[in-house]
Amino acid sequence: MLSSDDIGGLLGFLRRVSADFADKIDDLMERLRKADIGSLFRFPVLEPEVLQRAVAMLGDDRRTAHVEALAELSDQEVRVASGWGSQRVAVLAKTLLPEDLAPVLVLDASARVRETYKLWNEQRGGLVYLPTATKDYSPLTIHFAKKGAGKSSWEQGGVALAEMVAEMRCRKLEERCLIVHHKADRHLDVPNLVSTALGPDASANTSFLHWGMHRATNEYADVPTVVLAGTFNLPPSHYLGLAHASLGLPMATTIPEDVVKRVELGEHGHAVVQAVGRGATRGCSGGKCLPGDVYIIAAAGSGIEAALRDWFPGATVKRWYPANRPALTGKVAQAAAFIKQRLKDDPVGPILFQDVMDHIGCRDRSNFNRTVRGNELFKLWLSDKGLVEVKLPGIRGKANAFQAELPLFAAAGVEFPPDVQGSKI
């Protein structure tokens with residue numbers, strides 16, 4: 001992969017190597033930058049002797065890789081992918097592994113969540129998945145915050161995001177915590193922002209690890225709480241290249257967008273599973289991970305929230321909201337007010353769904369389930385009030401009432417008549 005910006009960054013140096021060659025590269029950059037996203041683009045034949053001389057002059061300069069990429073792309077047809085702003089990225093996927101390399105044993109702890117292997121197996125065949133014992137993640141609770149937390153989001157709203165991370169971390173202040181974050185640069189320093197929001201007492205028991213190092217250490221294997229302060233996002237061109245490589249298809253073949261999205265989500269899974277695995281949940285006892293809590297901040301459109309139960313079988317996944325979460329509104333607020341009043345009259349009595357529906361003027365049960373019971377803020381409000389959904393004896397259906405969680409009152413010595421001993425769903 002090579003971007004139009006990468007090419008532009010070589011022009012000043014290349015003019016010292018060959019002015020005519022630099023002019024040719026300048027024209028190449030402009031044509032690539034104006035190419036349509038998703039279109040095919042052919043690189044011109046680039047003089048190898050000039051490129052070899054440029055590599056020799058650069059030595060170990062960071063621009064050497066871009067000159068070598070120019071040599072690789074010479075006279076090649078590439079697919080154009082989007083970059084930042086008007087930037088365009090040339091993507092080329094080539095088969096490098098020889099056909100007679102197999103059999104090879106691949107050890108990849110994230111293989112079950114990555115789509116690259118699945119696409120390879122679907123299109124090209126030749127992969128054999130070995131028997132595996134999937135870990136039971138039922139001792140793990142994942143708290144998901146639906147909010148953009150990419151590097152640009154941190155650069156624009158870092159203070160607010162740091163306060164959110166600090167609130168997550170302070171839920172169990174007595175325990176060690178690992179925060180996985182974007183790598184610091186001159187524009188952004190996540191550990192500094194979060195440490196400021198935490199204060200010295202909480203910071204003393206908090207560790208930080210940036211993306212890129214999330215696969216390379218066992219130092220935090222006893223840490224029960226892990227916070228992913230954003231996710232590891234790669235450029236769209238990277239996912240496109242992986243899709244072509246996995247399927248073994250030439251760049252001239254158009255790959256459907258949903259296939260590229262599969263690859264993207266799989267790579268998110270790879271990063272999340274690896275990062276979460278730095279903490280205590282990497283341990284195993286009786287086929288189950290060790291207990292722990294994970295907090296993840298990710299954009300709604302990433303698809304990560306819906307995939308978490310597949311990535312961590314058996315884990316409890318909850319939506320997380322900050323303490324200053326939005327207020328209940330509309331029918332949901334009316335339902336909460338009615339329940340609150342009923343609890344005031346009878347703190348331990350069941351409150352039938354039907355009574356709530358009648359109060360708010362909702363006749364359709366499926367609509368009530370979707371707009372009220374399924375409302376994430378309402379479910380959080382129920383939890384705050386110590387309420388659960390119960391099934392009362394003698395009434396058809398599944399859950400049919402809200403009620404204070406009986407074990408809480410039982411522990412306080414409160415006696416209940418037989419007709420209110422509902423069962424928790």
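Helix α7 (residues 151-169) and helix α8 (residues 190-198) have axes that come within 8 Å and cross at roughly 50°. Helices (H or I, at least four residues) and strands (E, at least two) are DSSP runs, numbered from the N terminus. The model is predicted, so local features need pLDDT of at least 70 and side-chain atom pairs count only at pLDDT 80 or more, while totals for chains, interfaces and linings use all residues. Residues are numbered from 1 along each chain as its sequence is written, and side-chain values use heavy atoms, with hydrogens and water left out.

**The helix pair**

- Axes are lines fitted to C-alpha atoms, for helices over the stretch in contact, and angles run from 0 to 180 degrees between N-to-C directions.
- α7 and α8 are therefore oblique to each other (under 35 degrees is roughly parallel, over 145 roughly antiparallel, 65 to 115 roughly perpendicular, and the rest oblique).
- In α7, the residues W154, G158, V159, A162, E163, V165, A166 and R169 meet V190, L193, V194, A197 and L198 of α8 (contact means heavy atoms within 4.5 Å).

**The sheet**

- Four strands form an open sheet in the order β1-β4-β3-β2, with antiparallel pairing (two strands pair if DSSP finds at least two bridges between them).
- β1 (2-3) and β2 (40-42) stand at the edges with a single partner strand each, so one side of each has no neighbour in the sheet.
- β2 pairs with β3 (residues 77-82) in the antiparallel sense over three bridges, and F41 has V78 in β3 as its bridge partner.

**Helix on sheet**

- Helix α3 (residues 19-33) lies across β1, β2, β3 and β4 (88-91), running at about 175° to β2.
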